[in-house]
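This briefing sets out the main features of the structure shown below, grouped by topic.

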Amino acid sequence: ELQGGVKAVAELFNRMARPMSQRALELVEERSQDLAVQIRNLMFVFDDLIKLDDRGMQELMKEVSKEDLPVALRGASPDVKEKFLKNMSSRASEMLIEDMEARGPVKVADVERAQQNILKVCRKLEEEGRIVISGAGEALV
């Protein structure tokens, strides 16, 4: 039963703005490092998309809003950006890079919103069994 509560907290933290969830996790960690590790292991953040296999990434990109992707990638790690770009045709990746550069500065809140939208799609695809997110709180063999 405790595991269900930990999962619920991780899901709640995933829905919070990143600075707020990071602070909340720090507060949990002050009380119980064990619990903080369990929550962290169940949380799935945008940079965790690096853990998707190529087929899963391609499946995700079919479902993701073309408006969200360039905005979300503005705040992504270079590795995650590369993961998306290498799973696109060279023409599509060129167009995405051009789109990102043409937009100019983007508000952090807009980046976080776009990333959350993509993570919602990712979780939906996982629930439907269309993709597998390795390292998202479960061991794979």
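In this predicted model, the count of aromatic pairs comes to one. The ring centres of F46 and F84 lie 6.1 Å apart and their planes meet at 10°, so the pair is stacked, planes under 30 degrees apart being the criterion. The pair links distant parts of the chain, its two members being 38 residues apart.

**The aromatic pair**

- F46 lies in the loop between α3 (33–42) and α4 (54–63), while F84 belongs to helix α6 (residues 78–86).
- F46 has a relative accessible area of 4% and is therefore buried, the limit being under 20%.
- F84 also counts as buried, because its relative accessibility is 0%.

**Fold and overall dimensions**

- The chain contains eight helices and zero strands.
- Read from the N terminus, the order of elements is α-α-α-α-α-α-α-α.
- The radius of gyration is 16 Å, close to the 14 Å that the globule rule gives for 141 residues, so the chain is as compact as a globular protein of that length.
- The C-alpha trace spans about 50 × 35 × 20 Å along its principal axes.
- Of the contacts between residues at least 6 apart in sequence, 75% join residues at least 24 apart.

**Burial, surface and charge**

- Buried residues make up 36% of the 141 residues of the chain.
- The chain exposes about 8600 Å², and carbon and sulfur atoms supply 53% of that area.
- There are 22 positive and 26 negative side chains.
- The centres of these two charge sets lie 2 Å apart.

- R113 is placed in helix α8 (residues 108–127), and its relative accessibility of 49% makes R113 partly exposed.
- Between R113 and D68, which are 45 residues apart in sequence, the C-alpha to C-alpha distance is 8.4 Å.
- A114 is likewise found in helix α8, but A114 is buried, with a relative accessible area of 2%.
- Beyond its neighbours within four places in sequence, A114 is in contact with D68, V71 and A72.
- A114 and R74 are 40 residues apart in sequence, and their C-alpha atoms are 9.9 Å apart in space.
- N117, also in helix α8, counts as partly exposed at 27% relative accessibility.
- The C-alpha atoms of N117 and D68 are separated by 7.3 Å, although the two residues are 49 positions apart along the chain.

- P105 is found in the loop between α7 (90–103) and α8.
- With a relative accessibility of 83%, P105 counts as exposed, because the threshold for that class is over 50%.

Notes. Residues are numbered from 1 along each chain as its sequence is written. This is a predicted model: local features need pLDDT of at least 70, side-chain atom pairs count only at pLDDT 80 or more; totals for chains, interfaces and linings use all residues. Side-chain values use heavy atoms; hydrogens and water are left out. Helices (H or I, at least four residues) and strands (E, at least two) are DSSP runs, numbered from the N terminus. The radius of gyration is taken over C-alpha atoms; the globule rule is 2.2 Å times the number of residues to the power 0.38. Buried means under 20% relative accessible area, exposed over 50%, partly exposed in between (1.4 Å probe, protein chains only). Contact means heavy atoms within 4.5 Å. Accessible areas come from the Shrake-Rupley method with a 1.4 Å probe; for residues, only the protein chains shown count as cover. Lys and Arg count as positive and Asp and Glu as negative; His and the chain ends are not counted. The place of a charge is taken as NZ of Lys, CZ of Arg, CG of Asp or CD of Glu. Rings of Phe, Tyr and Trp (its six-membered ring) pair if their centres lie within 6.5 Å; planes under 30 degrees apart count as stacked, over 60 as edge-to-face and the rest as tilted.
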